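Hi,

Here is the structure I promised to pass on.

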Amino acid sequence: MGTVTHASAFPTTRPRLIATDLDGTLLRDDKSVSDRTVEALAAAEEAGIEVFFVTGRPARWMDVVADHVHGHGLAICANGAAVVDLHRGRRIVRVRDLSHSTALAVVKELRTVAPEVHFAVERTGGIHYEPLYPQFHLDPGAVIASVEELLSDDSEHADQPVLKLLAHHRELAPDDFLHLARDAAGHHAEFTRSSPSALLEISGPGVSKASTLALCCERRGVTPEEVVAFGDMPNDLEMLTWAGASFAMANAHPAVLAATTHRTATNEDDGVAAVIERLLSLPAGA
């Protein structure tokens, strides 16, 4: 399946950098990387185009793509809260954390507007949960306690920076929960979502995929106009609107489809690879 453009014409020159989300975008639904995608990523790097994986995933869930990052070896994780070196065992090389006090302020506001909310705390060393938070990926050594205890300065993990606060609600619709939370506590932190359930991802003020990608690009002398980005969910929106050219997957959230300059095939149909192949046929920029 080919790409479908909308809103503006397809780029006329190769980008200097490609930024791509993982789940629902680069990865197939079974969380694998197709052979076609592996070949496209390698061809892009060989052509001198840097590739950044930009994901909501924590560093410990990056094994699926660790063998497919070339050159710099860096990935942006936790929605911009961490920069990770995949060539050095997923070592976190930069942290943009959420302070305990800010996280607790968010907890207070969300408990007021959505009393049935339950929280998890994602730190650099792992994730910890409240008892009623859905523990889909319970890591060994996770602490189960109230969020106030998890965010206490006396917590056994208090020395590990907080990357994200996660908030789950069993009854609210996902987008309704996001809008409610932003209205109530958006002045404290950044709120987004990438899950099909009512699960919010909360980062420190100003922290997003876009802002951390911008920092990485600035160090390389790469402008937004020289970046092509791919995504499918609300946590990709800032990155997609920051990049000079952006592609929404055919399976993307309606807000992503509305905000991007182009569309491509679904993640199941190798939509990212299809665009990269076409980009590689273009002349290099000036």
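Let's start with the strands: E3 and E4 run parallel to each other, paired over 2 bridges. Keep in mind as you read that this is a predicted model. Within that pairing, Phe53 stands opposite Ala75 of E4.

On E4 there is a second pairing to look at. Strand E5 (residues 82-85) joins E4 in the antiparallel sense, this time over 4 bridges. If you want a residue pair to find on screen, take Ile76, whose bridge partner in E5 is Val83. The hairpin made by E4 and E5 has 4 residues between the strands, and Ala78 takes a positive phi there, near 55°.

Which way do the side chains of E4 point? In strand E4 (residues 74-77), Leu74 and Ile76 go one way while Ala75 and Cys77 go the other. On E4, the residues pointing either way are all buried.

Cys77 brings me to the cysteines. How many disulfides does the structure hold? The count is 0. For Cys77, the closest cysteine sulfur is in Cys216 and lies 11 Å away, so it is too far for a bond; a disulfide would need the two sulfurs within 2.5 Å. Cys217 is in no disulfide either, with the sulfur of Cys216 as its nearest, 7.0 Å away. Both cysteines are tucked inside: Cys77 counts as buried at 1% relative accessibility, and Cys217 is buried at 0%.

H2 covers residues 35-46, which makes 12 residues, and from its first C-alpha to its last it reaches 16 Å, close to the 16 Å expected at 1.5 Å a residue. Its buried residues are Thr37, Ala40, Leu41, Ala44 and Glu45. These sit on the same side of H2, because they cover an arc of only 130° around the axis.

What covers that buried side? Strand E2 (17-20), helix H1 (22-26), strand E3 (50-54) and helix H10 (271-280) are among the elements over the buried residues of H2. On the face of H2 turned away from the buried side you will find the exposed residues Asp35, Glu39 and Glu46. Just after the helix, Gly48 takes a positive phi of about 90°.

Cheers

Definitions and conventions:
Residues are numbered from 1 along each chain as its sequence is written. This is a predicted model: local features need pLDDT of at least 70, side-chain atom pairs count only at pLDDT 80 or more; totals for chains, interfaces and linings use all residues. Side-chain values use heavy atoms; hydrogens and water are left out. Buried means under 20% relative accessible area, exposed over 50%, partly exposed in between (1.4 Å probe, protein chains only). The expected span of a helix is 1.5 Å times one less than its number of residues. The arc is that of the directions from the helix axis to the C-beta atoms. Contact means heavy atoms within 4.5 Å. Two strands pair if DSSP finds at least two bridges between them.
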